[in-house]
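Here are my notes for you to read beside the model. Please take the points in order and find each residue in the structure as you go.

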Amino acid sequence: MLDGVREIAKRFISENYSDEARFFEAMWTVLCPRLRDWKRLPAEAWPLPDTSRMAATEVGLTGPEAVDLVTPIVVATMGFLMREAYEKDLSLEELEALTGKTAAHFGANPGLTAQLVKHAPGLCEAVTSAKPGAKKAVVSGIESPQYKIWSRGKCVIVDDISGYERKKRDYLFWIDMDEKKHMSVRIPGVELKRMAARLLFYLVQRLGKRVPVTDVLREVFEDEIPEPGGTEKNRIDQQLSALEKFCGGGFREHVFEEWFEKGLGLKRSFLEGYFIYRSLR
């Protein structure tokens with residue numbers, strides 16, 4: 001039933017309110033859970049009083065007075081960002097880039113886009129890192145920062161990383177995701193560029209698994225229509241060489257053989273090879 005309602009509603013909006021069609025997916029994501037709740041009500045409860053007004057109010061865009069176009073742009077942008085943040089565990093840098101593209105897609109002017117890029121990634125980061133089941137929380141006056149860390153094939157949140165930091169030279173890669181520049185702690189003066197860092201982060205999140213090269217080209221290199229060939233292999237290989245240089249050697253032995261033909265990935269032997277972290281403010 002809901003699939004049918006969605007299809008009819010989307011077609012109706014597209015044909016009659018084309019300027020608002022770009023908001024449909026975000027609005028449906030907000031409204032659909034309430035439709036499911038209403039569907040569970042006993043038959044004798046229908047029709048609900050003023051159902052159409054309730055439906056519009058649930059989306060959060062209407063009230064006693066009309067609102068301007070800023071509200072749906074912000075709601076649509078934040079809705080999309082939160083979903084991507086939960087599903088893909090994006091870095092703050094990736095969220096900033098995605099915020100700009102998303103806000104522009106939904107029609108934000110440059111001023112609003114700038115404010116969203118400034119504030120939305122931090123909000124997404126804070127919300128996705130919130131501890132589930134917490135009975136209370138401190139809003140201000142945090143005494144010690146929390147950290148989100150990726151290491152040993154896991155992603156966890158800790159209050160302190162000083163114990164890890166004392167042995168950071170033992171890792172092939174010690175990466176602070178909050179830094180604009182990633183400098184090697186093993187080889188003085190060697191910097192890891194953005195694309196190589198993105199590739200490393202992408203692979204450690206899928207440790208022990210092979211990923212088709214087409215997925216790597218699309219999700220890391222952002223190729224819209226990836227067509228793997230000799231040139232694309234060289235592009236990826238250059239980033240693997242940059243990672244090898246950054247750690248002073250020993251990285252490539254953890255990369256699956258025949259990665260271009262069978263899929264790129266890091267072996268489980270890389271468990272002890274990296275420590276990637278981000279401060280949660």
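Predicted model: local features only at pLDDT ≥ 70, side-chain atom pairs only at ≥ 80, totals over all residues.

**Notes on a sheet and a cavity**

1. Strand E3, which runs over residues 173-176, pairs with E6, residues 274-280, in the parallel sense over four bridges.

2. These strands belong to an open sheet of four strands with mixed pairing, in the order E2-E1-E6-E3. The edge strands, each pairing on one side only, are E3 and E2, the latter covering residues 154-158. From one strand to the next the twist averages 20 degrees.

3. Is E3 covered on its faces or left open? In a regular strand the side chains alternate between the two faces of the sheet. Both faces of E3 are covered, with Phe173 and Ile175 buried on one side and Trp174 and Asp176 buried on the other.

4. Helix H8, residues 194-204, packs on this sheet and touches E1, E3 and E6, while its direction makes about 100 degrees with that of E6.

5. The structure also holds one cavity of 30 Å³ or more, and the largest cavity has a volume of about 120 Å³. Helices H5 (92-105) and H8 are the elements that give two or more residues to its lining, and H8 supplies the largest share, four residues.

6. The lining of that cavity includes Glu93, Met177, His182 and Arg198, and its residues divide into four nonpolar, two polar and five charged.

Key: Residues numbered from 1 in each chain as written. Heavy atoms only, no water. Pairing = 2+ DSSP bridges. Axes fitted to C-alpha atoms, helices over the stretch in contact; angles between N-to-C directions. Contact = heavy atoms within 4.5 Å. Buried < 20%, exposed > 50% of the residue type's maximum accessible area, 1.4 Å probe, protein only. 1 Å grid on protein atoms, 1.4 Å probe; cavity = no way out; pocket = protein on both sides within 12 Å on 5 of 7 lines; lining within 4 Å. Points joined across faces, edges and corners; volume = space filled by probe spheres on them. Nonpolar A, V, L, I, M, F, W, Y, C, P; charged D, E, K, R; others polar.
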